[in-house]
Amino acid sequence: MSVTTPGEPGPGIDHEYLGKRTLRTGTADWVLLAGLGVGYVISGDYSGWNFGLAEGGFGGLAVATVVIAAMYGAMVLSMAEMSAALPTAGGGYTFARRALGPWGGFATGTAVLIEYSIAPAAIATFIGAYVESLGLFGITDGWWVYLVVYTIFVGIHLAGVGEALKAMFVITAIALVGLVIFAVASIGSFSVSNLTDIAPDPDAAGAGEFLPFGYLGIWSALPFAIWFFLAVEGVPLAAEEARDPARNVPRGIIAAMTVLVVTGAVVLVLVPGVGGAAAMQASGNPLVEALGSGTAATVVNYIGLAGLVASFFSIIFAYSRQLFALSRAGYLPRRLSVTNARKAPALALIVPGVLGFGLSLFGNGATLLNMAVFGAALSYVLMMISHIVLRIREPGLKRPYRTPGGLVTAGFALAIAVLSVIATFLVDSTAAFGCLVAFLLFMLYFDLYSRTRLVSSSPDEEFAALAAAEDELR
């Protein structure tokens, strides 16, 4: 087995190695990719974001959401450029590997892996809350609910990407219909006074009816505003399985972001406007509780469950592809990237699923959400730095799509991402520090073991080697 010297990509292993680590190509057009992007995130409309009302009130969360939506818009445009130029299953890790070297690539991939491994655990707890509220057969929120959803949906992914993406697309469409039903059913009960029914904190600077927890509440609400959009950046992870990725990945991710801005705005205003911000700030199923009892509430409850399942299902896809790419390149144990007969990375699906199930047993939804946001925001920082570095260092890199605004756009996203990382410590310092420790342990593993064992024939390492050769020629 060939290895590398520290920090340098070494010789590849052999054709058989990569032959066991290939994905099915050409299975997704831009519509499916857009569906994948919306599917990653749609659960964020149904639950989780409302915990931000307890941090900033409606005003604080609303301002935070506008800021975060702008950040994601800038970031998505930046990622569209990089995914068109470097279309592999590594996504943000591939971009950072090219721009920042093995250390930067692995750091980015690790942050994304933390995000995608923990987010399904948070969603599983929300699924439990929606299941319990249905009252079917006396089912209550508990460990076996989480076990069932992990088992079923990891199993579907093991059947292959084409089947998984098509099933996800249908579930996501149903979830969007549920949001329309909620909007129609709730708008007649909307009251502006309900938005500001949280009592202001007299000790908070700038506190008032609109900002009950003052200016700091806006900052503390950032992680929950991120939940409206978290994981849409995972669309480039499907690049190797897309048709014409240079064209379809940018179109898919931009279309997904457009839909998510609209759906996020609808629930942000209507849920507290109907149910009251104070009542909604700790709800596990806020859309259902806002509607109260009745046929519409029951329908939204069932469809809300579909929305949560859509994101749970989609993020399983995302974490498996991120782990697949890191393993195939040798950053993590190589056996994790071996694909089965249906070209699905079996262990890359199962191992994070087992870890996520374990986390769902010990963490509540808000804590797990904050942990996932820590990984996400850290990865955004590194990806935007990568965009800036590539623009400056490799102006001649073929870019089928170019980000409007270029460095200014990426720089804006970078600044907000840094503030978002800090915000996770404001919300729950213990959870954020726990994720930081996990991140550092991954980096220690890389330093002591895997940095001398990178596989140069993997697509991500080949991109980096090509860039190094071009630099030498120049």
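Me: Is arginine 399 buried or exposed?

Reply: Buried means under 20% relative accessible area, exposed over 50%, and partly exposed in between (1.4 Å probe, protein chains only). Arginine 399 has a relative accessible area of 10% and is buried. This is a predicted model, in which local features need pLDDT of at least 70 and side-chain atom pairs count only at pLDDT 80 or more, while totals for chains, interfaces and linings use all residues. Residues are numbered from 1 along each chain as its sequence is written, and side-chain values use heavy atoms, with hydrogens and water left out.

Me: With which residue does arginine 399 form a salt bridge?

Reply: Side chains of opposite charge can pair when their charged atoms come close. A salt bridge is a side-chain nitrogen of Lys or Arg within 4 Å of a carboxyl oxygen of Asp or Glu. Arginine 399 pairs with glutamate 81, and their closest N and O atoms are 2.9 Å apart. Arginine 399 is in the loop between helix 16 (365-393) and helix 17 (407-427), whereas glutamate 81 is in helix 4 (residues 53-85), so the pair ties together parts that are 318 residues apart in sequence. Helices here are DSSP runs (H or I, at least four residues), numbered from the N terminus. Glutamate 81 is buried, at 2% relative accessibility. Salt bridges with shared partners join Glu81, Arg391 and Arg399 into one network.

Me: How many salt bridges does the whole structure hold?

Reply: A search finds 5. One of them joins the side chains of arginine 98 and glutamate 394, at 2.8 Å from N to O. Arginine 98 belongs to helix 5 (residues 92-134) and glutamate 394 to the loop between helix 16 and helix 17, so this pair ties together parts 296 residues apart in sequence. Arginine 98 is buried at 5%, and glutamate 394 is buried at 4%.

Me: At what angle do the axes of helix 14 and helix 15 cross?

Reply: Axes are lines fitted to C-alpha atoms, for helices over the stretch in contact, and angles run from 0 to 180 degrees between N-to-C directions. The axes of helix 14 (residues 295-328) and helix 15 (residues 346-362) cross at roughly 115 degrees and come within 8 Å.

Me: Which residues make the contact?

Reply: Contact means heavy atoms within 4.5 Å. Helix 14 contributes Ile316, Tyr319, Ser320, Leu323 and Phe324, and helix 15 contributes Ala348, Leu349, Pro352 and Gly353.

Technical notes: Helix = DSSP H or I, 4+ residues; strand = E, 2+ residues; numbered from the N terminus.
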